[in-house]
Amino acid sequence: MATAIVPHSVERKPLVEAFNAQLRAADSPWGFYVDPTPAWIPKARPDQPVWRELHLAIEQAGQPDERCVGAYGLKPQVWRLHGQEHVVADWQGPVSLGAIDNRYAALGLRLLRDMKKKQPLLYSWGHGGDGEPIVQLLTKMGWRLYATPFVFRVCNPSAFLRKNAYLRKDPRRALGQDVLAATGLGTLGFTALHAGLRLRSGKRFHSTAQVVTEFGPWADELWLRARDRYDAIAVRDADAMNTLVPAEHRTLEWPAPIRLRVTRAGETLGWAVVVHKQLSGDPRFGDLHVGQIADSFGLPEHAGEILHAAFEHLRGLGVDLVTANQSHPGWVAGYADNGFVVLKDRRLFCASPELEALLQPFEQTRRSLFLTNLDGHGPML
């Protein structure tokens, strides 16, 4: 049966609803956006620096019995690669009936090829590990895979031990964590862990954070001052940041972000975008109140100061745990200097061969490749 890949549209909303219902009926956790207009960064003007677009795979397109059998999203964004601007795209999905019906097993590969045809400078940043089928497929297709870390710092050890989900899957480990929480040994352990990491850096930070409602000329000045310190980075001038973090927050996939302007002795050092949410029944964080440093920017040597101010702001909001994803080694070191635990190789950056060609020499470029959660699908909490 002929399948066409077309832009999502209002007329095809019922097809997506039926597609999602079919996946749910087979106990699949996947689904796609019913609304064709993305809640986060829909394209509103021709010169927009970043936007999202949604596409559908339609079987029997144009016929009375047409139906949706797959879908994906793209997030094109202007990047600077070795000082030159290019449109680079992150992808979301693809999701298809191949998840529940072997007759559609090859559709995922077709959707991936269609994404790359539309946006040759394609990447994704995520995945659980080398064993995932999509990762094995990308490896065979000659994509560049580069592992990046996950960082975290526990603010409330007792709550973390009692309420996290990921480390409590095993009943015996859960019981052990309850004992650590009840006796206070867990609090002593985490306090000593983070204090030890802070002391190892030997650095003291004095920055402060001010909540702002938008990115203004100060952000443009900072972008111009710091951008050439990165070989691969999405454009982060005021226009791009106000597009990524608009005044009106519409998406339900994460809480309203908080914009922080970070200063020290009156000098603007950088910014951070943070989110926080009281979770309930989350498969990883359980019932924890989690904070996330979703984005940050400034000169690499100011990373520690900027992250210090962002962390203290989140801690002041009463979160139990602060997490982040970051690729730049200097910024990862900034997290470590603030007492964060760095877990290596937790998220894969996957670049198409066309994008990898622009990242050459990669061993050099990876040391100044800058990715935060805003460069993916957003700060999912």
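This note covers the aromatic pairs and the charge-over-ring contacts in a predicted model.

1. Aromatic pairs overall. Searching the whole structure gives 19 aromatic pairs.

2. Y146 and F362. These two rings make an edge-to-face pair, with 5.6 Å from centre to centre and 80 degrees between the planes. The pair links distant parts of the chain, since the residues are 216 apart. Y146 belongs to strand β6 (residues 144-154), while F362 is in helix α12 (residues 362-365). Y146 and F362 are both buried.

3. W271 and F297. Here the arrangement is tilted: the centres are 5.2 Å apart and the planes make an angle of 40 degrees. W271 is in strand β10 (residues 267-278) and F297 in strand β11 (residues 289-298), so the pair ties together parts of the chain that lie 26 residues apart in sequence. W271 has a relative accessible area of 0% and is therefore buried. F297 also counts as buried, because its relative accessibility is 0%.

4. A cluster of rings. W271 and F297 are also members of one aromatic cluster. The cluster is formed by F215, W218, W223, Y230, W271, F297, W331 and F370.

5. Charges over rings. Which ring does the charged end of K43 sit over? It is the ring of W51, and the charged end of K43 is 3.8 Å from the centre of that ring. In another such contact, R347 places its charged end over the ring of W125, at 4.7 Å from the ring centre.

Methods. Residues numbered from 1 in each chain as written. Predicted model: local features only at pLDDT ≥ 70, side-chain atom pairs only at ≥ 80, totals over all residues. Heavy atoms only, no water. Phe/Tyr/Trp six-rings, centres within 6.5 Å; stacked < 30°, edge-to-face > 60°. Helix = DSSP H or I, 4+ residues; strand = E, 2+ residues; numbered from the N terminus. Buried < 20%, exposed > 50% of the residue type's maximum accessible area, 1.4 Å probe, protein only. Lys NZ or Arg CZ within 6 Å of the ring centre and 35° of its normal.
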